[in-house]
Amino acid sequence: MRMMIEGSMGVAHMVMLCRPNVVAAYPITPQTHIVENLSAFKADGKLDAEFINVESEFGAASVVLGAVAAGGRAFSATTAQGLLLMGEVLHNIAGMRLPVVINVSNRSISAPISIWNDHSDAITLRDSGWIQLFAEDNQEIADMHPQAWKIGENPEIMLPVMVNMDGFILTHAVETIEIPDQKEIDEFLPPYKPEYFLDVKAPKTFGNLAEPQWYAETRYKLWETLEDSKAVIEKVADEYKAKFGRYLGGLIDTYRMDDAERVFVAMGSMIGTIKDVIDDLRQEGEKVGLLKIRSLRPFPKEKIREVCGDVKELIVLEKAISFGLGGVLQEELRSTFYKHKNQPIISGFVLGLGGRDIPPTTLVKIYEASKGKEILNEFVDLRPEVAPKGSLVTL
Amino acid sequence: MAETAKTKKIKPPVEEALLTSGHRGCAGCGEALGAKLVMEAAGPNTIATAATGCLEVFSTAFPETAWRVPWIHSLFENSAAVAAGIEACMRNKGMEDINVIAQGGDGGTADIGIGCLSGVLERNQNVLYVCYDNEAYMNTGVQRSGLTPYDARTSTSPPGTESWGNQHQKKNLLAICAAHMIPYAATATVGFPQDLMMKVKKALKIKGAKFLHVHVPCPLGWIYDTKLTIEVARTAVNTGLYPLVEMQFNKVTRVRKIGKTRQPVEDYLKLQGRFKHLFSEAGKEELEKIRQIAQDNIDYYGLE
């Protein structure tokens, strides 16, 4: 069914179709509309899940942890400070190998407090053992939820999945999107039947103490499974395409890459703007393309090297920074191409922090200013009173 | 109004222990005894959660486990919330006949975990929360918690020239829980095992959120001979320092009277090294304060 709805409403619809047993969430902007819609579905008898109004995001993450350990399917949504408050539980969920799905409506981190979008929140959880997927538009984020459960609940994977959408830019944007029928989703995503769960008929102990002779093995298996999940993420995206005819990438997606010499790399909603800019630049004869990172964890190094071929320059655009190191995507890509025979020039730009607009004109300026140069950790569109001397792109 | 508690004679447990022997608990551990009794009263149709702490550490070192019920430990402060998720899942799947018991120590319950505890009580979810109170952070080496009694020596509230030990009153956790208007909140102790098991069984028959505060002496932290656990626990009750109380919807419904068995607080304090520093000429004033705490309990709950 085609519906003209807000991004958050699309997510709520899709989550309902995935038949969770338990939904637990705490209010935080800009995630609130997702769980408001789910609670309204529950109130109208459409959603057959227990809706738990928790006392904090920490509680929300703990409730969904318990629900999945008990053999259920469970969902929560949060952002920014809420995600950080969940942090201890999120690491624990991954270590316990529980396929929870959480939607993160990406938002900047305090201080200073800002409710607007960037990717600083999810980036901080990149070493937690979660699969982290980023969507570019409202159709993709809706479609990503059934895929997330299908990936995480795969008996060979058993990992939690964090699906990311840009706060406000996607959560509050109204677009026409396709919502599948219940029957189609049921066919794609069968009920969750875990091999191990809290079962009074076959009692098992979860969350043991691991002494030094055991701990490292659990971390090795987590590492190994994240590597294995790469193939599953691709496979599930392909299966979704076969069933629903929609595909916006598996681990990555590309746009006009065939003969591209210079390639933008980015995640999330700025992908749309970049595609428009590429179309304009192509009309002027520029050989430019796009590499969309759909999976930040696992990070698809092999796939990136494969699609980049003889690309000469990568222009990395990202909405977060690792303080004391540099742009996170920038550094991931530099490591991806370390000692690789076709090592492109890699430049990294930090932009869009705390909801700062990313207009096409800024992207064109970046494209022109970085030609043939290696520019690292360059903050874009800074106010002149703060921008360092020689900044390439300032307000 | 409060009526006299008459401890029913319950036959000694014949069920196979659901917290088995062979775990790593210390000799004389009150918490191990408490958990064993709670599980025996609950029976095998039970899912249990536990907070990080002694109970989790001594019973589940991989690849071993002492638990014969499905059991989960996640973190220090979320035992109640994990149980809430389990309960919600069971409810959604039409398996509401399964008991869900959340367990935590005094720190995991009254301090770091009180947010999650308050949440599950306020939502009146069908969970029994059991706090095993040994009155300090024993697992990390006897540091003070919000349930450490007044003047007790701990490793972070040592007595010294300027201090008599812990300078804060024990938090009234029962009152905090009962104030959530839950259908059942009670205190119990390993000193009176039949009473403890009766309260677990009673709680599990009631639908909604239940809270049970269990006093569990710790020979290591309280500094007493391991054979004295039961005596120490009983003396806490008989001095008025640990009242046995049942509450329903924030009203006291039943108490254990100590009129005939009442003992002076010194009988309790002298059993334990953690109060040794009080027994000097200068400590008399402090002993009087502790006597007053006991008297306030006796007056408030009508224990005499």
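Let me start with the open sheet in chain A, where six strands follow the order β10-β12-β11-β14-β15-β16 with mixed pairing; strands here are DSSP runs of E of at least two residues, helices are runs of H or I of at least four, both numbered from the N terminus, and two strands pair if DSSP finds at least two bridges between them. Please keep in mind that this is a predicted model, in which local features need pLDDT of at least 70 and side-chain atom pairs count only at pLDDT 80 or more, while totals for chains, interfaces and linings use all residues. Residues are numbered from 1 along each chain as its sequence is written, and chains are lettered from A and ligands numbered from 1 in the order in which they are written.

The edges of that sheet are β10 (252–255) and β16 (378–379) of chain A, each of which pairs on one side only. Further in, β11 (residues 262–266) and β14 (residues 313–318) of chain A run parallel and are joined by four bridges, and Val265(A) has Val316(A) in β14(A) as its bridge partner.

In the loop between β10 and β11 of chain A we find Asp258(A), which counts as exposed because it has 8 C-beta neighbours inside 10 Å; the cut-offs are 12 or fewer for exposed, 20 or more for buried, and partly exposed in between, with C-beta atoms placed from the backbone.

Turning to the helices of chain A, the axes of α3 (residues 57–69) and α4 (residues 80–95) come within 7 Å and cross at roughly 25°, where axes are lines fitted to C-alpha atoms, for helices over the stretch in contact, and angles run from 0 to 180 degrees between N-to-C directions. That makes α3(A) roughly parallel to α4(A), a term for angles under 35 degrees.

Finally, how many residues does each chain bring to the contact between chains A and B? Chain B gives 38 residues and chain A gives 38 residues, with contact meaning that C-beta atoms, placed from the backbone, lie within 7 Å. On the side of chain B that touches chain A, the largest share, eleven residues, comes from α3(B). Strand β9 (residues 205–206) of chain A also runs parallel to β2(B), joined to that strand by two bridges, and Phe206(A) stands opposite Ile72(B) in β2(B).

Conventions: Contact = placed C-beta atoms within 7 Å. Parallel < 35°, antiparallel > 145°, perpendicular 65-115°, else oblique.
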